[in-house]
Amino acid sequence: PGNALPPVAGARTTDRSGTVLASSRTGDRLVVTWLREGHTCVLSGARGVPMSALLQLAGWQGHGRIRY
């Protein structure tokens, strides 16, 4: 519980079906964050994982079964 985290400075934003995804790099890791029901979600990938894959996973909504 608690407040959502503040946005990452300099992150790029992408809209996937109404969900705003913020992508950035931290060290050698790619990171995607987004809000779900007022909470911050974080997805990170190791070196070699393409950002496009992280964005696709982060934007998945289970054919509308997952509420955002």
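Reply: Of the 68 residues in the protein chain, 28% are buried, where buried means under 20% relative accessible area, exposed means over 50%, and partly exposed is in between (1.4 Å probe, protein chains only). What you see is a predicted model, in which local features need a pLDDT of at least 70 and side-chain atom pairs count only at pLDDT 80 or more, while totals for chains, interfaces and linings use all residues. Residues are numbered from 1 along each chain as its sequence is written, and side-chain values use heavy atoms, with hydrogens and water left out.

The protein chain has 1 helix and 4 strands, and from the N terminus on they follow the order β-β-β-β-α; helices (H or I, at least four residues) and strands (E, at least two) are DSSP runs, numbered from the N terminus. The chain exposes about 4,900 Å², and carbon and sulfur atoms supply 54% of that area, which comes from the Shrake-Rupley method with a 1.4 Å probe, and for residues only the protein chains shown count as cover.

Now to the pocket itself. Rolling a probe the size of a water molecule over the atoms shows where empty space is left. On a 1 Å grid over the protein atoms alone, a set of points where a 1.4 Å probe fits but cannot get out is a cavity, whereas a pocket is an open set with protein on both sides within 12 Å along at least five of seven lines, and lining residues have an atom within 4 Å of a point. The largest pocket holds about 300 Å³ of space, a volume being the space filled by probe spheres set on the points, with grid points joined across faces, edges and corners. Its lining has 13 residues, and those nearest the centre are Leu5, Pro7, Ala22, Thr33 and Trp34. Two or more lining residues come from each of E2, E3 and strand E4 (39–45), and E3 gives the most, with 3 residues. By kind, the lining divides into 10 nonpolar residues, 3 polar ones and no charged ones; here Ala, Val, Leu, Ile, Met, Phe, Trp, Tyr, Cys and Pro count as nonpolar, Asp, Glu, Lys and Arg as charged, and the others, Gly among them, as polar.

Thr33 lies in strand E3 and counts as buried because its relative accessibility is 16%. Leaving out residues up to four places away in sequence, Thr33 touches Val20, Leu21, Ala22, Thr40, Cys41 and Val42, where contact means heavy atoms within 4.5 Å. Trp34 also lies in strand E3, and with a relative accessible area of 11% it is buried as well. Although Trp34 and Ala22 are 12 residues apart along the chain, their C-alpha atoms are separated by 6.3 Å.

Within it, Leu54 touches Leu30, Val32, Leu43, Ser44, Gly45 and Val49, not counting residues up to four places away in sequence.

Ser23 is found in strand E2 (residues 19–26) and, at 10% relative accessibility, counts as buried. Beyond four places in sequence, Ser23 is in contact with Ala11, Arg12, Val31, Val32, Met51 and Leu55. Ser44, by contrast, belongs to strand E4 and is partly exposed, with a relative accessible area of 33%. Finally, the loop between E3 and E4 is where Glu37 sits; Glu37 is partly exposed because its relative accessibility is 47%, and its phi is positive, about 50 degrees, although it is not a glycine. Most residues other than glycine have a negative phi.
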